[in-house]
Amino acid sequence: MIATQSLTKRYPRVTALDRLTMDITPGVTGLVGANGAGKSTLIKILLGLAPATEGTASVLGLDVSREGAAIRERVGYMPEHDCLPPDVSATEFVVHMARMSGLPATAARERTADTLRHVGLYEERYRAMGGYSTGMKQRVKLAQALVHDPQLVLLDEPTNGLDPVGRDDMLGLIRRVHTDFGISVLVTSHLLGELERTCDHVVVIDGGTLLRSSSTADFTQSTASLAVEVTDTDTHPDGTAALRDALTKAGLTVHAPGAPGAPGSGHLLLVDVVDGATHDVVRDAVADLGIGLIRMEQRRHRIAEVFTESPEQHAEGPPGAHTDRNTGQPTGPAPGTDARTPEFAAARPQEGHSGDVA
């Protein structure tokens, strides 16, 4: 669907993309990176709206430098920022965008009605968009990206400004775009949990450089650790510490996840699984201490970990877990960059849950 080779975009004072090489196949793909990572710049180049400084890129087999108009006929685009005319209804706007994409008038009206129904705006389709909520405006932008029945849609931060319920609704719509209509999706976000729940494949970039490209299943595969959480009692005011001591005496290796002082870091233990008896040892230790067991579950990797692991950890990770699918080689943060940005630290999901450069 999308392929880039050594794609570079330089501005006078910043390099937005730095020799980016990747290959995106059909499905729902997440493009994740902090603000300023180069996501919006990449989309502009893929649509043929901005020239690359170096390298090549193709979309649906079409060269972005020579066939931008043909690409835009086959691709839908949902911009990040609010760009809707306030005094126009959703129907008028989406019909106009359908006509701009080459649909005849009758087909444009029919497709508009169907698309607005799909995104949940059919009852509100004749209202002026200036009175729409943020969630409704995002749905209009999604509708205009879909109205001409594209092969691929590029969605730039589609959940931007939405509340949790609105985010869930939008993520459901995005997933249905592919499952119900067979349209491939490239969605950008800096919220890692959203991509874990929605995407088949995730591409991580930082500073315009590829950090990792893997299937979501590889990112979130099971680890060889048990996540164990227990309660405190009068006998053991610090049940976690008591269990840690008991498991250590039993010969198990126990870790406390997270940075010291981080929320929840003092109440969760990670126990290395030696064999099938590890679960029994943990259960018996909890029972002997007389404390309550809140949970004992196989821990899974999270996408956020790619931003907190060192390059050495990437290289030593599970087979296939930290590799560039183009080269098969382990990947880590680009030299000279710090991938542990505040956006990703804040977005790191809890256990068990889920203005780029212009």
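A cavity is a set of grid points where a 1.4 Å probe fits but cannot get out, and its lining residues have an atom within 4 Å of a point. The model discussed here is predicted.

1. Helix H7 supplies the largest share of the lining of the largest cavity, namely 3 residues. Both H6 and H7 (192–198) contribute at least two residues each to that lining. The space in this cavity is about 40 Å³.

2. The lining of the largest cavity consists of Pro158, Leu171, Ile174, Val187, Glu194, Leu195, Thr198 and Cys199. By class, 6 of these are nonpolar, 1 is polar and 1 is charged.

3. The second largest cavity has about 30 Å³ of volume. Its lining includes Met1, Ile2, Pro26, Ser184, Val185 and Leu186, and strand S8 gives the largest share, 3 residues. This lining holds 7 nonpolar and 4 polar residues, with no charged residues.

4. Six strands form an open sheet in the order S6-S7-S8-S3-S9-S10, and the pairing is mixed. Strands S6 (75–78) and S10 (209–215) are at the edges with a single partner strand each, so one side of each has no neighbour in the sheet. On average, neighbouring strands are turned by 15 degrees against each other, direction ignored.

5. Strands S3 (residues 28–32) and S9 (residues 201–206) run parallel and are joined by 4 bridges. Within this pair, glycine 30 lies opposite valine 202 of S9.

6. Helix H5 (residues 134–146) packs on the sheet and touches S6 and S7. Helix H6 (residues 164–181) also packs on the sheet, touching S3, S6, S7 and S8, and its direction makes about 150 degrees with that of S8.

How values were computed:
Residues numbered from 1 in each chain as written. Predicted model: local features only at pLDDT ≥ 70, side-chain atom pairs only at ≥ 80, totals over all residues. Heavy atoms only, no water. Pairing = 2+ DSSP bridges. Axes fitted to C-alpha atoms, helices over the stretch in contact; angles between N-to-C directions. Contact = heavy atoms within 4.5 Å. 1 Å grid on protein atoms, 1.4 Å probe; cavity = no way out; pocket = protein on both sides within 12 Å on 5 of 7 lines; lining within 4 Å. Points joined across faces, edges and corners; volume = space filled by probe spheres on them. Nonpolar A, V, L, I, M, F, W, Y, C, P; charged D, E, K, R; others polar.
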